[in-house]
Amino acid sequence: MSTGVWLDKESPAVYQALVDTGRAAAEAALAVGIDKQLIELIRIRASQINGCAYCLRLHVGDALALGETHERLALLPAWRDSEYFTPVEQAALAITEDVTLIADVQHRRRLPDDDLSTLTTSQIAAVRWLAIVINAFNRVAITSHYPVHP
């Protein structure tokens, strides 16, 4: 059931602020060595958890354009059970899941420092910002009922 309220259209200044925050988060991530493919993996993983078809369609396409493989994208939900992801990617994905599942007491866990030892504190902050922003975009797309057509 659609309410017909697209948040980006009804509150364009607020939406633009979110777009600007997303751009700043990506620039900060790049500046501390988080590459574009990992930025897209972060966005995709959070969108998978949140069930955001709109963001999944967008960011999977972006990841493929950057050279990401279909095989790694297919295994992303099971990244812990594969050897396809580097230690840096694993740490970033763990942070992403931690941020995305923040309200889910049953699934949330505090990440031990050892799990994040492959990242600098600046990289940890950058990944958290990326996860926070994509979670916000997921909520905008889902609650606005953006259509996702083939």
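Predicted model: local features only at pLDDT ≥ 70, side-chain atom pairs only at ≥ 80, totals over all residues.
Just after helix α7, His145 takes a positive phi of about 60°. Helices here are DSSP runs of H or I with at least four residues, strands are runs of E with at least two, and both are numbered from the N terminus. Most residues other than glycine have a negative phi, and His145 is a residue other than glycine with a positive value.

Residues are numbered from 1 along each chain as its sequence is written, and side-chain values use heavy atoms, with hydrogens and water left out.

**The whole chain**

- The secondary structure comes to 7 helices and 0 strands.
- Read from the N terminus on, the elements run α-α-α-α-α-α-α.
- The radius of gyration of the chain is 15 Å, close to the 15 Å that the globule rule gives for 150 residues, so the chain is as compact as a globular protein of that length. This radius is taken over C-alpha atoms, and the globule rule is 2.2 Å times the number of residues to the power 0.38.
- Along the principal axes, the C-alpha atoms fill a box of roughly 45 × 35 × 30 Å.
- Of the 150 residues in the chain, 39% are buried. Buried means under 20% relative accessible area, exposed means over 50%, and partly exposed is in between, using a 1.4 Å probe and protein chains only.
- Among contacts with a separation of 6 or more, 70% join residues 24 or more positions apart. A contact means heavy atoms within 4.5 Å.

**Surface and charge**

- The chain exposes about 8500 Å², and carbon and sulfur atoms supply 58% of that area. Accessible areas come from the Shrake-Rupley method with a 1.4 Å probe, and for residues only the protein chains shown count as cover.
- The chain has 13 positive and 18 negative charges, and their mean positions are 4 Å apart. Lys and Arg count as positive and Asp and Glu as negative, with His and the chain ends not counted. Each charge is placed at NZ of Lys, CZ of Arg, CG of Asp or CD of Glu.

**Helix α7 and its end**

- How far apart are the end C-alpha atoms of α7? They are 35 Å apart, which agrees with the 34 Å that its 24 residues should span at 1.5 Å a residue. The expected span is 1.5 Å times one less than the number of residues.
- Thr121 is in helix α7 and counts as exposed, at 68% relative accessibility. Its C-alpha atom is separated by 9.7 Å from that of Val32, 89 residues apart along the chain.
- Ala125, also found in α7, counts as partly exposed at 36% relative accessibility. The C-alpha atoms of Ala125 and Ala25 are separated by 9.6 Å, although the two are 100 residues apart along the chain.
- Ser144 lies in α7, which covers residues 121–144. Is Ser144 buried or exposed? Ser144 counts as buried because its relative accessibility is 0%.
- Leaving out residues up to four places away in sequence, Ser144 touches Val5, Trp6, Leu7 and Arg139.
- His145 lies in the segment after α7 and counts as partly exposed, at 35% relative accessibility.

**Helix α4**

- Tyr54 is found in α4, residues 53–65, and counts as partly exposed at 31% relative accessibility.
- Apart from neighbours within four places in sequence, Tyr54 is in contact with Ala141, Tyr146, Pro147 and Val148.
- Tyr54 and Ser144 are 90 residues apart in sequence and 11 Å apart in space, C-alpha to C-alpha.
- Not counting residues up to four places away in sequence, Leu56 touches Ile44, Ser47 and Gln48.

**Helix α6**

- Thr96 lies in α6, residues 87–100, and counts as buried at 0% relative accessibility.
- Which residues does Thr96 touch, not counting those up to four places away in sequence? They are Ile42, Arg45, Ala46, Val127 and Ala131.
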